[in-house]
Amino acid sequence: MKKALIVIFLHFVCVSLFAEQLHVVTTYPYIASIVEQIGAKNVRVHPLADGEWDPHTILPKPSFIAHLRRADLLIINGAQLEIGWLPPLMKQSNNPKISVGGQGLFDLSRFVQLIDIPVGVSRAHGDIHPDGNPHYYLDPHNIPLIANAIMEKLCDLDPAGASDYRKNHALFINKWETRLTQWDKALVKLKGIAVIEYHKIYDYFLRRYGIELLGTVETLPGIPPTSKHIEELETKLQTSTVQFILQDVYNPDGASLHLAHKHNIKCIKLPHDVGAVREAEDIFSLYDEIVRRLTNE
Amino acid sequence: MSDILLTAFLVSAVLLSINSYFGLEIIRRGIIFTDLAIGQMAALGAGLSLFFLEGEYLYPISLSLSLLAGLIIAVASRRSNNVEAFIGLMYAFGLSGVYILLSKSYHGMEKFQNLMAADILFTPLEEILRTAILYAVLGVILIVMHRKAKGVMRDLLFFITFSITVTSAVKLAGVLIVFSLLVAPALISTTIRKGIPIVNALIIGIFLNMIAISVSYYLDFPTGYTIVFVNSFAALIASAFSQKAKSGDTVKC
């Protein structure tokens, strides 16, 4: 009898602990990984997209709506990266907490300096993203800015857990700074080299480490390479030394491999998010792996 | 969650109502891919509007192009012996046209796919209601005119109502779902010798969609593709195991 009572008591403790957890939904796994570090046991976090998928076009599943309905907080990358898939999901989830203008909708792009913002948006170039390049989190120096914003937001929504969030955040930043010094040191030797990338996804990273971008394999963002464009790239390749072609995991790599083979350049497949390759298990190992793949001779 | 499943189910039921008739009719006429060709021409219209007019007049341009496609197919199906080849090429023409147009626009393809490949999970109820009313009106016109019209007039009427149906259906659920809902239940109903084919097609379609939507929910599969998969799989099985109709037997409508 006593045992049963204890079991029942423990059950209620668990249930109440569970109920107090903040339900956080993130659009991408890298955000979920940061939230896990800072929120720890006070939050339940669920990323919608898979790290292997093309972040611009996510195929919706019924569970997405279920998660969004339960969410207290929805953290997005912003800068229009989710524009192609998230708005109808938010609308259908009908959760006032996370709707536009709600307390629980949190856009991380507001906390970093975006690049490639078009001057005077003209329609001549089609649908350029007016907010700039949305792939800012691939510069590891931007991660502390995002982590800081997430910590403040969690404290806001859940004051009871604030001291925990601050403590976890301090630990995270400490660990991050140590790793950042190592990554910066390892990447010094890439300064001044030139690369080609498939999509303009690693621009923030390249800029940070002084790597020159000679061109993209795709003709325009989201438009597969045409023969004329490849020809122009090849002319550039003849007059300058390109060290690597950077390929993401979700776009077809045929054109990149063709160029790499023909001009004897190394084609490197880089993860762009947690889970994009097996080694990138969390936000730390994502950058470990990017650095390893770039510096591994 | 049940409301989401209900929406998906309502969309498929509304689509099935009129498409059971059209499905049987296009199988009988041997012009199965008409729907894909008309749908693709509607898409080309959307592409034209996006590229030249920044998305203005999207629906009227789509509808005009699909009506034009419907009329051309109506004429061709009376004149040409190779009407399926003709319809297939019209599909290819529309598809390649869209790709060429949007290859000159940043993220144009993403925007286009958003507009055209609507997801059955997100259809608002008002949209479903509006489509249901449209189909009811078209249905009445079809029933009344079917008796009166003859020959060329009857063909024209068929292709015009079909073009309007396809354009609105594609907007509601996407090209692939419309195609599978149109053809699969109708094809299965042709293997059944009892009852009225159009009623059979409707019942079969509703049953298959209930299965597909439940599977998609419990196994967390993308809903649209699950509907296409279940419908086409059932039709393949039914066709494989049914006895071939005797020559001279034709599909009744």
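Q: Which residue stands opposite V195(A) in β6(A)?
A: Strands pair through backbone hydrogen bonds, either parallel or antiparallel. Here L213(A) in β6(A) stands opposite V195(A). This is a predicted model, where local features need pLDDT of at least 70, side-chain atom pairs count only at pLDDT 80 or more, and totals for chains, interfaces and linings use all residues. Residues are numbered from 1 along each chain as its sequence is written, while chains are lettered from A and ligands numbered from 1 in the order in which they are written.

Q: How many bridges join strand β5 of chain A to β6(A)?
A: Two strands pair if DSSP finds at least two bridges between them. Strands are DSSP runs of E, at least two residues; helices are runs of H or I, at least four; both are numbered from the N terminus. Strand β5 (residues 194–197) of chain A is joined to β6(A) by 4 bridges, and the two run parallel. Between them the chain passes through helix α7 (residues 203–208) of chain A, in a right-handed β-α-β crossover. Right-handed means that, with the strands pointing away from the viewer, the path from the first strand over the helix to the second runs clockwise.

Q: What is the strand order of the open sheet?
A: The order is β6-β5-β7-β8 (chain A), 4 strands with parallel pairing. The twist averages 30° from one strand to the next. Strand β7 (residues 244–247) of chain A runs parallel to β8(A), with 4 bridges. In that pair, F244(A) stands opposite K266(A).

Q: At what angle do α2(A) and helix α6 of chain A pack?
A: Axes are lines fitted to C-alpha atoms, for helices over the stretch in contact; angles run from 0 to 180 degrees between N-to-C directions. Under 35 degrees is roughly parallel, over 145 roughly antiparallel, 65 to 115 roughly perpendicular, and the rest oblique. α2(A) and α6 (residues 162–187) of chain A pack at about 120°, with axes 7 Å apart. So α2(A) is oblique to α6(A).

Q: Which residues of α2(A) meet α6(A)?
A: Contact requires C-beta atoms, placed from the backbone, within 7 Å. Q37(A), I38(A) and G39(A) in α2(A) meet Y165(A), N168(A), H169(A) and F172(A) in α6(A).

Q: How many residues of domain 1 of chain A are in contact with domain 2 of chain A?
A: Domain bounds come from an automatic or database domain assignment. That assignment gives domain 1 (13–181) and domain 2 (188–295) in chain A. In contact are 24 residues of domain 1 of chain A and 22 of domain 2 of chain A. Helix α2 (residues 29–39) of chain A gives the largest share of the domain 1 side, 4 residues.

Notes: Two residues are in contact if their C-beta atoms, placed from the backbone, lie within 7 Å.
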